[in-house]
Amino acid sequence: MAQPQPKPTRRPANPCFSSGPCAKRPGWSLAALEGALLGRSHRAKDPKARLAEVIALSRSVLRMPEGWRLGIVPASDTGAVEMALWSLLGPRGVDVLAWESFSAEWANDITKQLRLPDVRLIQAPYGQLPDLARVDPARDCVFVWNGTTSGVRLPDAGWISAEREGLAICDATSAAFAMELDWRKLDVVTWSWQKVLGGEAAHGMLALSPRAVERLESHSPAWPLPKIFRLTKGGRLIEGIFQGDTINTPSMLCVEDALDGLRWAEGIGGLPALVARSEANLAAVAEWVAGQDRFAFLAERPETRSCTSICLKLVAPWFAALDEATQARATKSLAARLEAEGAGLDVAPYRDAPPGLRLWGGATVETDDLRALLPWVDWAMDAVEAEFRPA
């Protein structure tokens, strides 16, 4: 049994490691919101210009190709994904890739809510990717780029055919702004403000390729669509959605905060700088994991390790010998000890994931804060071992 260690002397300057909503950008304060157009209609000239600026800056930082549409939509990334599924699917068979909780939710919607007749579910357990070679380019494909609850990401888009006939529909909510997305291989991309740039929740982004727009204008779903999902009118794309004329009422306070994050991203060097910051965070955790024997990455292959939702599993033999209920209690105790010390907030794994830790390493997190957290994990784990290890 590990000997109890004294508490570390240094705490993270920012102990926020939640996987959503995520840490605010370095140096953020409420002063960043002083210019918010509160009490104004989002359809007035100036507020609408702010919404259009969110779209323009997002396109610029992500280096989105010409011809793509980008719009602000309700209900965060979930709303954006649901709009895409309910509006676009139906004309072709669908391959659904599922390897963690949210991709499993999209599979559930497609099979049990939309009840599409021709669906292939290509699955993998936590820690692995599905067999990507099984994806048929003649079919639509729905997938996440980064498994937020498993810490397993796609290493590239080489498995997506450039000559595909179906649409590639990608939930990129914990990948956008922290990972390179191969836009040539994608047709629909979604994300939310609350992830990599640390914005506030409830607002989503929906990006559509020309192929996706063509599908929208040529396909009428066999099911009714509520207003909040409608992207076309009279068989034509509602262009206003992609120019800042949102379907529902956005929060202008959140809009100001989103602009602050985008301007910060642009100011530090854009996408390459954001990717580098996230990868540095992953490297710091990887160095620590290599130096101890109680935690391992949930992602089984190094090239699939997420640099945003960094998921670790407990592999100590004494922990593996515990029953499932006791493992759950021990994991909660670990997260609670870190929170009580103000060293790490919201680091428990997702409720459906294996026991361990989930540390957000997106671009707004300082690597020095992650390095300061890890000795506290060692300290807290010693205490958990003393409490839960069988005699």
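The legends below accompany close-up views of a predicted model.

**View 1. The open sheet of seven strands.** In this view the strands follow the order β1-β9-β8-β7-β4-β2-β3, and their pairing is mixed. At the edges of the sheet stand β1 (69–74) and β3 (119–123), each of which pairs on one side only. From one strand to the next, the twist averages 15°.

**View 2. Strands β2 and β4, with helix α3.** Strand β2 (residues 94–98) and strand β4 (residues 140–144) run parallel and are joined by three bridges. Within this pair, Val94 stands opposite Asp140 in β4. Helix α3 (residues 101–113) packs on the sheet, where it touches β2, β3, β4 and β7 (168–171), and the direction of helix α3 makes about 150° with that of β2.

**View 3. Strands β13 and β14.** Strand β13 (residues 309–314) is joined to β14 by five bridges, and the two strands run antiparallel. Ile310 stands opposite Leu359, which belongs to β14. Strand β14 (residues 356–360) is largely enclosed by the rest of the structure, because five of its five residues are buried, where buried means under 20% relative accessible area.

Technical notes:
Residues numbered from 1 in each chain as written. Predicted model: local features only at pLDDT ≥ 70, side-chain atom pairs only at ≥ 80, totals over all residues. Heavy atoms only, no water. Buried < 20%, exposed > 50% of the residue type's maximum accessible area, 1.4 Å probe, protein only. Helix = DSSP H or I, 4+ residues; strand = E, 2+ residues; numbered from the N terminus. Pairing = 2+ DSSP bridges. Axes fitted to C-alpha atoms, helices over the stretch in contact; angles between N-to-C directions. Contact = heavy atoms within 4.5 Å.
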